[in-house]
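Please consult the sequence and the model shown here before reading on.

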Amino acid sequence: MAGRDGEGQVFTPGSRKRDRTVDDALRTMERLATWLDEAKQVNVWRQTDDTLQTAMLHGMLVHLQREIGALLQLGGPEVQETVQALRTLAVQEKSGQASQRS
C-alpha cells in the first residue's frame, strides 16, 4: 500500500532507504524499540543459529549503543534541561489529575 513520506513524496512501505526527517526517524526508532522489546521477551540469542548472524546482531547493537550515546551528548545540557523540565511538568500534571480524582 503506497503512502507519503515526510516530504510528501509517494512511497511504498519498506521502499524508503533512509529517514529524511526526525518524524521518519522516530517511526523507525519506534519499530526498533518494539523489536528490541520482543527480542528480549523471546531471548533472541536463542534464535540465532548462525554465528555470523549472532556476530552481526551483536556488532550492530554495540554500534547503536555508542552512536546513541554520542548523539545524546551532542544535545548537551540545554537538551537535558528541556527534557527534564518536560518530565517534571508531566509528573506535576499527573499528580494534579490524581489529586483531583481523590
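## Asparagine 43 and the loop between the helices

Asparagine 43 is found in the loop between α1 and α2. Its phi is near 50 degrees, a positive value in a residue other than glycine. Most residues other than glycine have a negative phi. With a relative accessible area of 27%, asparagine 43 is partly exposed; buried means under 20% relative accessible area, exposed over 50%, and partly exposed in between, with a 1.4 Å probe and protein chains only.

## Basis of the model

This is a predicted model, in which local features need pLDDT of at least 70 and side-chain atom pairs count only at pLDDT 80 or more, while totals for chains, interfaces and linings use all residues. Residues are numbered from 1 along each chain as its sequence is written, and side-chain values use heavy atoms, with hydrogens and water left out.

## Overall architecture

The chain contains 2 helices and 2 strands, in the order β-β-α-α from the N terminus on. Helices (H or I, at least four residues) and strands (E, at least two) are DSSP runs, numbered from the N terminus.

Of the 102 residues of the chain, 9% count as buried. The accessible surface comes to about 9,000 Å², and 57% of this belongs to carbon and sulfur atoms; such areas come from the Shrake-Rupley method with a 1.4 Å probe, and for residues only the protein chains shown count as cover. Among contacts between residues at least 6 apart in sequence, 6% join residues at least 24 apart, where contact means heavy atoms within 4.5 Å.

The structure holds 1 salt bridge, a term for a side-chain nitrogen of Lys or Arg within 4 Å of a carboxyl oxygen of Asp or Glu. It joins arginine 27 to aspartate 24, with the closest N and O atoms 3.1 Å apart. Both residues lie in helix α1, 3 residues apart, which is about one turn of the helix. Arginine 27 is partly exposed at a relative accessible area of 40%, whereas aspartate 24 counts as buried at 0%.

Aspartate 19 is placed in the loop between β2 (10-11) and α1. Residues up to four places away in sequence aside, aspartate 19 touches Asp24, Ala25 and Thr28. Aspartate 19 is partly exposed, with a relative accessible area of 27%.

Leucine 26 lies in helix α1 (residues 22-42) and is partly exposed, with a relative accessible area of 47%. Val22, Leu26 and Met29 form a nonpolar patch on the surface, with about 310 Å² of accessible area together. Patches are made of residues with over 30% relative accessible area and no salt bridge; like charges are joined within 9 Å, and nonpolar side chains (Val, Leu, Ile, Met, Phe, Trp, Tyr) within 5 Å.

The largest pocket has a volume of about 510 Å³. Of its 14 lining residues, the closest to the centre are Ala25, Leu26, Met29, Ile68 and Leu71. Helices α1 and α2 (51-101) each supply at least two residues of the lining, and α2 gives the most, with 7 residues. On a 1 Å grid over the protein atoms alone, a pocket is an open set of points where a 1.4 Å probe fits, with protein on both sides within 12 Å along at least five of seven lines; lining residues have an atom within 4 Å of a point.

Technical notes: Grid points are joined across faces, edges and corners, and a volume is the space filled by probe spheres set on the points.
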